[in-house]
Amino acid sequence: MEKSQKKTSSAPIVVSKPFLTGNPVDTTTTKSALLVFGSLCVVAILNLIVCSMMMFDHLALRIAVNGLVIFVTLAVFYSSGMSQGSIAVNNGEIMYRRRETGAQILPEELARSYHPLKGFMIGLLGTLPILLCALILAVITKKQMTSLGALPTWLSALESREEVGLALSYYRTGGGWTLESILRIIIRLLLMPYVNIISSANADGLLLLERLSPLVVLFPGLAYGFGYTQGVKVRSRVHADIAKNTRRKARKNAKKRKAPKAKGPIELN
């Protein structure tokens with residue numbers, strides 16, 4: 001019996017306060033979506049710097065290191081969404097107190113309060129430019145074949161001869177920039193850890209990755225959305241911590257009041 005009482009007394013206390021729900025989209029959604037898009041651009045630059053050094057030959061090491069990069073990236077977006085969700089819930093609590101006291105509530109202020117779909121809307125809008133690039137690439141991409149090798153230097157002396165120069169002209173013709181190549185650079189920068197796991201030598205695997213890139217590029221936005229939905233739990237933990245600290249201070253004050261007062265020195269006549 002004593003053990004069960006100890007377990008129940010040590011259970012975490014959940015404190016939740018009522019709040020008003022806002023809209024899936026408000027006046028701050030565009031700004032938040034731009035921040036998500038900017039974060040994705042920063043991720044692409046960091047991938048170029050960091051992941052270019054993670055092209056290991058050992059498959060297990062390649063998966064472990066690049067998988068860690070993917071996990072950290074998604075965790076950052078999840079944490080960012082969680083922070084925004086907590087702020088939105090706090091705003092909803094303020095709107096609730098205003099309504100209870102009869103204060104005026106502006107529609108745009110109420111719209112900024114928490115809504116479970118708002119995080120996903122922000123993540124989708126922030127990913128939209130990259131998602132469109134991925135959709136186009138998924139449609140037009142083709143399997144990349146091995147490029148032509150370098151010509152021996154001694155053949156340069158024979159290129160002036162017509163029969164030899166015509167045969168070698170194909171080697172001098174550059175592929176040029178195409179829509180496919182430009183979009184491939186953009187998408188692969190963002191998906192560099194996945195590219196490293198598959199390996200640049202696996203043409204079929206890279207083709208499949210590019211076909212699935214519209215889904216893969218959504219992962220950070222989805223992580224942001226799921227993190228946003230945790231804002232309610234974050235606020236509950238905040239209220240629980242406040243209540244816990246309040247009770248601790250009350251117990252300390254009660255102990256001070258109950259403590260016997262020290263008696264002063266007794267004077268002898």
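Start by selecting residues 1–10. Here pLDDT stays under 50, and the model has zero contacts beyond four places in sequence for this stretch. This is a predicted model. Where pLDDT is low, the predicted coordinates should not be read in detail.

Next, color the protein chain by pLDDT. The mean is 81, and 76% of the residues reach 70 or more. Helix H1 (residues 2–9) has the lowest mean pLDDT among the elements, at 43. Now jump to helix H10 (residues 219–229), which has the highest, at 95.

Switch to cartoon view. You will find eleven helices and zero strands. Of the 269 residues, 31% are buried. Take the contacts with a separation of 6 or more: 80% of them join residues 24 or more positions apart.

**Stop 1**

The structure holds nine salt bridges. Select Arg-235 and Glu-93. Their closest N and O atoms are 2.9 Å apart, in a salt bridge. Arg-235 sits in helix H11 (residues 231–258) and Glu-93 in helix H3 (residues 59–101), so the pair ties together parts that are 142 residues apart in sequence. Both Arg-235 and Glu-93 are buried.

**Stop 2: along H3 to H4**

Glu-109 belongs to helix H4 (residues 107–111), eleven residues from Arg-98 in helix H3. Which of the two counts as buried, and which as partly exposed? Glu-109 counts as buried because its relative accessibility is 18%, under the 20% cut-off. Arg-98, at 28%, counts as partly exposed.

**Stop 3: a salt-bridge network**

Select Lys-142 and Glu-180. This salt bridge has its closest N and O atoms 2.9 Å apart. Lys-142 lies in the loop between helix H5 (118–140) and helix H6 (162–172), while Glu-180 lies in helix H7 (residues 179–190), so the pair ties together parts 38 residues apart in sequence. Lys-142 is exposed, with a relative accessible area of 52%. Glu-180 counts as buried, at 13% relative accessibility. Together with Lys-142 and Glu-180, they are linked in a network of salt bridges.

**Stop 4: a nonpolar patch**

The accessible surface of the protein chain comes to about 18,000 Å², and 65% of it belongs to carbon and sulfur atoms. Select Val-42, Ile-45, Leu-46, Leu-48, Ile-49 and Val-50. They make a nonpolar surface patch of about 520 Å². Finish on Leu-48, in helix H2 (residues 29–50). Leu-48 counts as partly exposed, at 46% relative accessibility.

Methods. Residues numbered from 1 in each chain as written. Predicted model: local features only at pLDDT ≥ 70, side-chain atom pairs only at ≥ 80, totals over all residues. Heavy atoms only, no water. Patch = residues over 30% accessible without salt bridge, like charges linked within 9 Å, V, L, I, M, F, W, Y side chains within 5 Å. Areas by Shrake-Rupley, 256 points an atom, 1.4 Å probe, with all protein chains shown as cover. Salt bridge = Lys/Arg side-chain N within 4 Å of Asp/Glu carboxyl O. Helix = DSSP H or I, 4+ residues; strand = E, 2+ residues; numbered from the N terminus. Buried < 20%, exposed > 50% of the residue type's maximum accessible area, 1.4 Å probe, protein only. pLDDT = per-residue confidence, 0-100. Contact = heavy atoms within 4.5 Å.
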